[in-house]
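The sequence and structure are shown first.

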There are 4 protein chains.
Amino acid sequence: MSSTFGELFRVSTWGESHGAGVGVVIDGCPPRVPLTVETVGAELARRRPGQSELTTPRKESDTPEILSGVSDDGLTLGTPIAILVRNADARSSAYDEMQHTYRPSHADYTYDAKYGIRAWAGGGRASARETIGRVAAGAVAKAALAQLCPELEVLAWVEQVGDIHCTLPAQQVQGCVVEANPVRTADLAVAGDMQRAIIEARSKGDSLGGVVACVVRHVPVGLGDPVFDKLEATLGHAMLSIPACKGFEVGSGFRAALLTGSQHNDAFYMSGDQVRTRTNNSGGIQGGISNGEDILMRLAFKPTATIMTEQETVTDTHQPAVLRGKGRHDPCVLPRAVPIVEAMARLTLMDHLLRQRAQCGFETH
Amino acid sequence: MSSTFGELFRVSTWGESHGAGVGVVIDGCPPRVPLTVETVGAELARRRPGQSELTTPRKESDTPEILSGVSDDGLTLGTPIAILVRNADARSSAYDEMQHTYRPSHADYTYDAKYGIRAWAGGGRASARETIGRVAAGAVAKAALAQLCPELEVLAWVEQVGDIHCTLPAQQVQGCVVEANPVRTADLAVAGDMQRAIIEARSKGDSLGGVVACVVRHVPVGLGDPVFDKLEATLGHAMLSIPACKGFEVGSGFRAALLTGSQHNDAFYMSGDQVRTRTNNSGGIQGGISNGEDILMRLAFKPTATIMTEQETVTDTHQPAVLRGKGRHDPCVLPRAVPIVEAMARLTLMDHLLRQRAQCGFETH
Amino acid sequence: MSSTFGELFRVSTWGESHGAGVGVVIDGCPPRVPLTVETVGAELARRRPGQSELTTPRKESDTPEILSGVSDDGLTLGTPIAILVRNADARSSAYDEMQHTYRPSHADYTYDAKYGIRAWAGGGRASARETIGRVAAGAVAKAALAQLCPELEVLAWVEQVGDIHCTLPAQQVQGCVVEANPVRTADLAVAGDMQRAIIEARSKGDSLGGVVACVVRHVPVGLGDPVFDKLEATLGHAMLSIPACKGFEVGSGFRAALLTGSQHNDAFYMSGDQVRTRTNNSGGIQGGISNGEDILMRLAFKPTATIMTEQETVTDTHQPAVLRGKGRHDPCVLPRAVPIVEAMARLTLMDHLLRQRAQCGFETH
Amino acid sequence: MSSTFGELFRVSTWGESHGAGVGVVIDGCPPRVPLTVETVGAELARRRPGQSELTTPRKESDTPEILSGVSDDGLTLGTPIAILVRNADARSSAYDEMQHTYRPSHADYTYDAKYGIRAWAGGGRASARETIGRVAAGAVAKAALAQLCPELEVLAWVEQVGDIHCTLPAQQVQGCVVEANPVRTADLAVAGDMQRAIIEARSKGDSLGGVVACVVRHVPVGLGDPVFDKLEATLGHAMLSIPACKGFEVGSGFRAALLTGSQHNDAFYMSGDQVRTRTNNSGGIQGGISNGEDILMRLAFKPTATIMTEQETVTDTHQPAVLRGKGRHDPCVLPRAVPIVEAMARLTLMDHLLRQRAQCGFETH
C-alpha cells in the first residue's frame with residue numbers, strides 16, 4: 001500500500017469508506033501560506049456526491065477539519081497539515097452482498113488476493129471516497145501555488161461522455177462555464193446532450209465512461225525532472241492513479257502516431273523576449289520540462305463499474321454467483337472527476353516547483 | 001534531475017551522449033541471480049543503432065562492462081550492480097549547429113532554461129543514448145524475474161506506424177515473429193508496408209510516429225501498490241518517461257470512453273481453482289493490483305523530432321534562425337523503442353514484486 | 001519538515017502541542033496483524049505525563065482513536081493506519097511569555113528563523129507531545145513484530161540520572177523491574193537514589209539529564225542494509241531524532257576508543273548450529289547487519305531545557321530579555337523517554353525486516 | 001543493500017574492493033558548479049592508503065574519472081555526476097584464507113548470512129574501499145557548498161588515539177595544522193605521542209581505536225528538517241554509516257547526562273543584529289535546526305578489526321578455525337577517517353541546504 005504521492009510536497013492519504021473517516025497529511029508545504037477550512041471545503045464541495053441529479057443521491061457532508069499545520073491566524077506553519085473528514089455512519093444493507101461476492105471490475109478480488117483481508121463495505125480503501133484526501137491536498141497545493149506562481153491556472157473539464165464530444169479548443173475553455181453545468185463540460189451547447197445520456201444510462205441501470213481534459217496555463221518554464229520524472233511521466237502517474245482512469249495523453253497524444261515529424265514539430269519563434277512555439281503538439285513539455293506553453297492533457301475514464309444489472313461473478317470461497325448492484329452510485333464518474341484531476345495536477349506541479357527551487361533556483365558567484 | 005526509478009529495485013542512470021559514457025547502477029537486486037555481460041549485451045544489441053536499414057547507420061558497439069555487484073562465478077551479490085557503456089568518441093561536426101540553435105521539439109531550449117547550461121552535442125542527457133542504462137537495467141530485471149517468476153513473459157511490438165496497423169490480437173503475438181522483422185511488428189503481413197513507409201519518410205527527410213503495444217503474460221496475482229502506486233500508474237510513469245512517448249493506456253484505454261458499464265465490466269468465473277475474467281477490459285489490473293490476466297498496454301510515440309527539412313527556430317541568444325537537420329537519425333523510433341518498453345515494464349514489475357514480498361508475503365501465526 | 005520515518009514501514013507524524021491534536025499515519029504495515037485501540041493505549045500510557053510524582057503533573061488523557069487501516073474484527077488491512085489523539089484544550093497563560101521570548105535551548109528561535117512563523121504555545125511541533133505519534137506507531141510495530149518475529153524483545157531502561165548509575169548488565173535487565181519503579185531504571189537498588197535526585201533538582205527549579213540504555217534480544221540474523229543504512233546508522237538516526245537526545249552509541253561505543261583490536265574483536269564460535277561470538281563489543285551488528293547477538297545501544301539525554309530559574313535570552317524582535325520558566329514540566333525526561341526509545345527501535349527494526357524480506361528472503365531455482 | 005544517501009543531493013556508491021572498480025553517482029547537484037577531476041582527486045589523495053608510515057603500505061593510485069555530468073569547460077550540468085575509480089588488479093594470496101574463514105568483527109559472517117553469497121576478497125562491498133565513493137561525492141558537495149555557502153567550513157581532526165587526547169578547543173583547530181601531521185590531530189604537541197602509539201600497536205600486530213571530532217563553522221541558520229530528519233539525526237546517520245564508527249555525539253553529547261538544566265542551557269544574547277548563544281552545549285543545533293553557532297560532533301571509532309595475531313573463529317561450513325591476519329592494513333583507521341568524516345558532513349549539509357531552499361526560501365506576496 002503506497003498511499004504517498006510526491007517527493008517534496010508529500011501527500012499521504014488514509015481511510016476506508018466505512019471506517020471512522022478519511023484524510024490526508026501534507027508534508028512539505030511552504031510556511032506562511034494562507035489556508036482556511038473554507039478553502040479546503042470549497043474544493044471538497046465540488047467532488048461531493050449529491051450535488052446534482054447526475055451524481056449519487058447519497059448525502060455526505062464532507063466537512064473537513066484541519067488538525068495541524070496551520071496557525072491560529074490561518075497561515076501554514078511549514079509543519080505537516082493533517083486534514084480529517086469524518087465518515088457518516090451509514091453502512092447500508094445494500095452493501096451486505098459485497099461481503100462475500102466479488103463485484104466485477106472492482107478491487108474486491110485483487111485486494112483479497114493481495115492482502116488476504118478486505119474492508120468490504122463500500123469498497124473500503126478502494127472506494128472513491130479515498131479521493132477526498134487528494135482533493136483536500138489539492139486545495140492546499142492551490143493555496144501554495146497562489147503564493148509561488150500567482151498566474152498559474154489549472155482547469156479541467158469533461159470533454160467526452162460516451163460518444164458525445166465537446167470540441168471547444170482548450171484555449172477557449174472557461175472555468176465559470178465548466179462550473180455552471182452539472183456535467184462540467186466546457187460548452188453549454190453539448191452539456192444538455194451529455195446530461196441526457198447520463199440520465200438515460202442510469203435509467204437502464206447502466207453507466208457511461210468518457211474523457212476529461214485538463215489545461216495548465218501560465219506555467220513557469222523549467223518544471224519537470226528528467227529523466228525518469230519527466231513532467232509528463234509524473235503527471236501521467238498522478239492521473240493514472242485516479243480510480244477508473246484507463247489512459248493518459250499529453251499534447252498530441254495518440255494522434256501523434258499519425259503525424260509526420262514535419263507536421264508534428266513545434267517551431268520556435270520569439271514573442272517579445274519570450275521563446276514561444278507556433279504549435280503546441282508538445283503539450284507544453286519538451287524533454288520532460290515545461291516550455292511555458294499550455295500543458296494539455298487528456299484522461300480516459302471507464303464507465304462506472306457498479307451497475308444495476310445482473311452480472312456473473314464468483315464469491316470469496318470461489319463459488320459461481322450472480323450479482324446485482326444495489327445502492328446509489330454515479331452512473332458516470334466524469335463530472336466529479338474534474339476536481340480530482342485538477343487536484344492531482346496541482347500536487348504534481350507543486351512538487352516539481354519545489355524540486356526546481358531546490359536544484360536550480362540559485363545564482364552562481 | 002531525477003535519474004532514479006523504483007523504490008526497492010532502484011535503477012539510476014547517468015551519462016550524456018558525448019561524454020565518456022553512459023551507464024546505470026541497480027540497487028536492490030536480490031542476491032544469487034545468474035548475470036553475465038552477455039545477458040546484458042543481448043538486450044543492448046536490440047536497441048543498438050545500425051541493426052537494420054530502418055535505423056540510423058551510426059555505428060555504436062555499445063559493449064557493456066559490469067563494474068560491480070556480480071561475483072566471479074556470475075552471480076549477483078545483492079550489492080549495487082554498476083554497468084558502463086563507453087561512448088565512442090564521435091562528436092560529428094553535424095552537431096555544431098546545435099550548440100547555439102534550439103532544435104524544434106527537442107529538449108535544447110528547456111534544458112537551457114532550467115539548468116542555465118546544456119550539453120549540446122548530440123542532445124546530451126536528453127539523447128536517446130540515455131536509454132542504454134534502462135535497457136541494461138531491464139536485462140538485470142529480466143534475469144531476476146526469471147528466478148522469482150519463471151513463467152512471467154514481457155513482450156512488446158510495434159502495433160502501428162503512421163496509419164499502418166498490426167491488428168493481431170495480443171494473445172497471438174509471438175516474440176520470435178517480432179524479432180524476425182526489422183520493424184518489430186507482430187504480423188509479417190504488415191511488416192513490409194510499415195518498412196516501406198519508414199523508408200519513404202526518410203527519403204523525404206521526414207519521420208513517422210506510431211504505437212507500441214506490450215503484453216505481460218503469467219503475471220502473479222497481487223502486484224501493484226494502491227492508492228498512488230497502482231500498477232497502471234507506475235507502468236504509465238515508466239512508459240511516459242521514455243523519450244518521445246506521448247500517451248499511455250491500459251486495457252480498454254481510451255476506447256473505454258465509448259463503452260457502457262455492462263459492456264466494459266469483466267465478469268468473473270472459476271477456471272479450475274483460478275479466478276478468471278471472461279473479458280479483459282481491465283487489462284489485467286483491478287484496483288491498481290494485477291488480477292492474473294494479461295496486462296495490456298499501448299504507448300503512443302511521436303515522429304522523430306530530428307528531420308532533414310528546414311525548420312523555423314531561435315538561437316540561445318533569442319535570434320530567429322532556420323535549422324536543417326544533419327547527421328544520421330532514425331526516421332522512426334518505434335523499432336528500437338520495443339526493447340526499451342520491455343525494459344521499463346520489467347523494472348516496474350520487479351519493483352512491485354519486491355514490495356509485494358515485503359508487505360504481503362508472510363504467514364500469520 | 002520531514003515528518004516521515006522509514007522506507008517500507010513508513011511512519012508519518014503530525015500535530016502541534018496546542019492544535020486540535022497529534023497523530024500518526026503508518027503505511028506499509030503487513031495485513032492481518034491483530035491491533036486494538038487498547039494495544040496502542042497501553043504504550044501511550046507509559047509515556048503519558050502525570051503517571052508519577054517524577055513527571056509533570058499536567059493531566060493529559062491521551063486516548064487514541066484508530067481512524068483507519070483496521071478491520072471491524074481488529075486486524076490490520078494492509079492499508080494506512082491513522083491514529084489520532086486529541087489535545088485537551090488547555091492553553092495555559094503560563095505559555096504567554098513564550099509568544100515573543102525565545103526559551104534558551106529550545107526550538108523557538110530556530111523555528112522562527114527557518115519558517116518565519118512559529119506555533120509558540122507549548123512548543124508547537126517541537127513539543128514532546130509530538131512523540132505521541134511515535135509511541136502509537138511503535139505499538140503498531142510491536143504488534144507486527146509479534147507476528148513476524150515472535151521471539152524478538154525490545155527493552156529500554158534508565159541507566160544513568162545525573163551521576164547516579166545503574167550498573168546491571170544488559171543481559172540481566174528485566175522489563176517487569178523497569179516498569180515497577182517510576183524512574184524506569186533496571187535496578188531497584190539505585191531507583192530510590194535516582195528518584196530523590198530528580199525530586200531535588202525539581203525543588204531547586206532545575207533539571208537533570210542522563211542515559212537510556214536499550215537492548216534488543218532474539219534478533220534475526222541479517223537485519224540492516226549496508227552501506228548507508230547500516231543497522232547502527234538507522235538506529236542512530238531514529239534515536240537522535242528524539243527530542244533532547246545528544247549522543248548515541250552501539251556496543252562498545254565511545255569505550256571502543258580505548259581498546260586494542262585484540263581486546264575488542266568478538267571471537268566467533270559454534271554453539272550448536274549457531275554462529276555466536278564470545279564477547280559482544282560489536283553490539284550485535286557487524287558490517288551494518290545484525291549477527292544474532294543482543295543489540296546494545298546507549299543514548300545520552302540532556303537535562304530538560306525548561307527550568308524554573310531566571311535565564312538570559314532575547315525576544316523575537318531581538319531585544320534582550322529575562323525568562324523565568326513557568327508551567328509544569330518534567331524535571332528529567334528520562335523515565336518517559338524509555339517507551340519512546342523502545343518505539344523508535346521497533347520502527348527501525350520493523351523497517352529493516354520488511355526490506356530484508358523484499359531483497360533477500362527468496363529461494364533460488 | 002541501500003547504497004544511496006540523501007534526499008535531494010543524492011549520492012549512490014557502488015563497487016567491491018576487488019571488482020573492476022568503485023564509484024559513485026551524484027544526482028541533484030546544482031548546475032554551473034565548477035568541478036574538475038583535480039578537485040575530486042585532491043580529496044581522494046587524503047584518504048588514500050600509503051600516504052604515511054601510519055597507514056597500510058598498499059599502493060593504490062585511486063585516480064578518479066568523471067564520466068558524466070560535467071561540461072567540457074568544467075561546469076556541472078545539473079545531470080547525474082558519475083565518478084569511477086578503477087581497482088588495481090591486486091588480489092593478494094593474503095586474502096585466500098578469507099574465502100572460507102570468517103574474520104572476527106568483520107562483515108564476512110553477516111554478509112553470508114544475509115545474502116547467501118559474499119565477495120570475500122578484501123571484504124568486497126564492506127571494504128573501506130567503498131568510502132572512495134563517499135569522499136569523491138564529498139568533493140562535489142564541497143564544490144557546490146563553495147557556491148551556495150562560500151563561508152561554510154567543515155573541519156575534522158583526530159581528537160583521541162587510544163588514551164592519548166588532543167584537548168585543543170574546537171574553535172582553535174586549524175586545517176593546516178591537521179594536514180601537517182600524519183595522524184591528522186589538531187595539536188602538534190600530541191601528534192608525536194599518537195604516532196608512536198600507533199606504530200607500537202602495529203609492531204605488536206595489534207590496532208588502536210579513537211575519536212574523530214568535527215566542527216562546521218559559518219553554518220547558515222535554518223538547516224535541518226524536524227522531526228525525524230533533525231540535523232543531528234541525519235548527521236548521526238551519516239557518521240554511523242562509516243565503517244568502524246561505534247558512537248556519535250553532538251554538542252555536550254554524553255557529557256550532558258552529568259549537567260543540570262541551568263548549567264546546560266545556552267543563553268541567548270544579541271551580537272549586533274545576530275542572535276547568538278553564550279555557550280554552545282547545543283552544538284549549533286536546536287530543535288533539529290542549525291542556530292548559526294558552530295556544529296560540534298564527536299565520533300568513536302573502534303580499533304581496526306584486522307590484526308596480525310591469532311584469533312578464534314569459525315568457517316563458512318561452521319567449523320572451528322584459527323585465523324591469523326595477513327596482508328597490510330592500517331593499525332589505526334583514524335587518520336584516514338578524517339576526510340571521510342568531512343565528506344559525510346558535507347553530503348548531509350548539502351542535502352539539508354537544498355531541502356531548505358525548496359520549502360522555506362521564498363517570499364510571500
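Angles under 35 degrees count as roughly parallel, over 145 as roughly antiparallel, 65 to 115 as roughly perpendicular, and the rest as oblique. The model discussed here is predicted. In chain B, the axes of helix α3 (residues 131-148) and helix α8 (residues 334-359) cross at roughly 50 degrees, and α3(B) and α8(B) are therefore oblique to each other.

**Helix packing in chain B**

- The axes of α3(B) and α8(B) come within 8 Å, and the crossing of α3(B) past α8(B) is left-handed.
- On the side of α3(B), the contact is made by Thr131(B), Arg134(B), Val135(B), Ala137(B), Gly138(B), Ala141(B), Lys142(B), Ala144(B), Leu145(B) and Leu148(B).
- On the side of α8(B), the contributing residues are Pro339(B), Ile340(B), Glu342(B), Ala343(B), Met344(B), Arg346(B), Leu347(B), Leu349(B), Met350(B) and Leu353(B).
- By class, the contact of α3(B) with α8(B) comprises 14 nonpolar, two polar and four charged residues.

**Helix packing in chain D**

- Helix α3 (residues 131-148) of chain D packs against helix α8 (residues 334-359) of chain D at an angle of about 50 degrees, and their axes are 8 Å apart.
- This angle makes α3(D) oblique to α8(D), and α3(D) passes α8(D) in a left-handed crossing.
- Residues in this contact include Thr131(D), Arg134(D) and Leu148(D) of α3(D), together with Pro339(D), Met350(D) and Leu353(D) of α8(D).
- The contact of α3(D) with α8(D) divides into 14 nonpolar, two polar and four charged residues.

**Sheet of chain A**

- Chain A holds an open sheet of five strands in the order β1-β2-β3-β5-β4, with antiparallel pairing.
- The edges are formed by β1 (4-5) and β4 (64-66) of chain A; each has a single partner strand, so one side of each is left without a neighbour in the sheet.
- Two bridges join β1(A) to strand β2 (residues 10-15) of chain A in the antiparallel sense, and Phe5(A) stands opposite Val11(A) in β2(A).
- Helix α3 (residues 131-148) of chain A packs on this sheet, where it touches β2, β3 (21-27), β4 and β5 (81-86) of chain A.
- The direction of α3(A) makes about 35 degrees with that of β3(A).

- The contact takes 91 residues from chain A and 91 residues from chain B.
- The side of chain A that touches chain B consists of 40 nonpolar, 36 polar and 15 charged residues.
- Of the interface residues of chain A, 100% are also interface residues in chain B, so the copies meet through the same surface.
- Strand β9 (residues 245-250) of chain A pairs with strand β9 (residues 245-250) of chain B in the antiparallel sense over three bridges.
- In β9(B), Phe248(B) is the bridge partner of Phe248(A).

**Chains C and D: interface**

- In this interface, 90 residues of chain C are in contact with 90 residues of chain D.
- The side of chain C that touches chain D has 40 nonpolar, 35 polar and 15 charged residues.
- Strand β9 (residues 245-250) of chain C and strand β9 (residues 245-250) of chain D form an antiparallel pair over three bridges.
- Glu249(D), in β9(D), is the bridge partner of Gly247(C).

Definitions and conventions: Residues are numbered from 1 along each chain as its sequence is written. Chains are lettered from A and ligands numbered from 1 in the order in which they are written. This is a predicted model: local features need pLDDT of at least 70, side-chain atom pairs count only at pLDDT 80 or more; totals for chains, interfaces and linings use all residues. Two residues are in contact if their C-beta atoms, placed from the backbone, lie within 7 Å. Ala, Val, Leu, Ile, Met, Phe, Trp, Tyr, Cys and Pro count as nonpolar, Asp, Glu, Lys and Arg as charged, and the others, Gly among them, as polar. Two strands pair if DSSP finds at least two bridges between them. Helices (H or I, at least four residues) and strands (E, at least two) are DSSP runs, numbered from the N terminus. Axes are lines fitted to C-alpha atoms, for helices over the stretch in contact, and angles run from 0 to 180 degrees between N-to-C directions. A crossing is left-handed if the near helix is turned anticlockwise from the far one by less than a right angle, and right-handed if clockwise.
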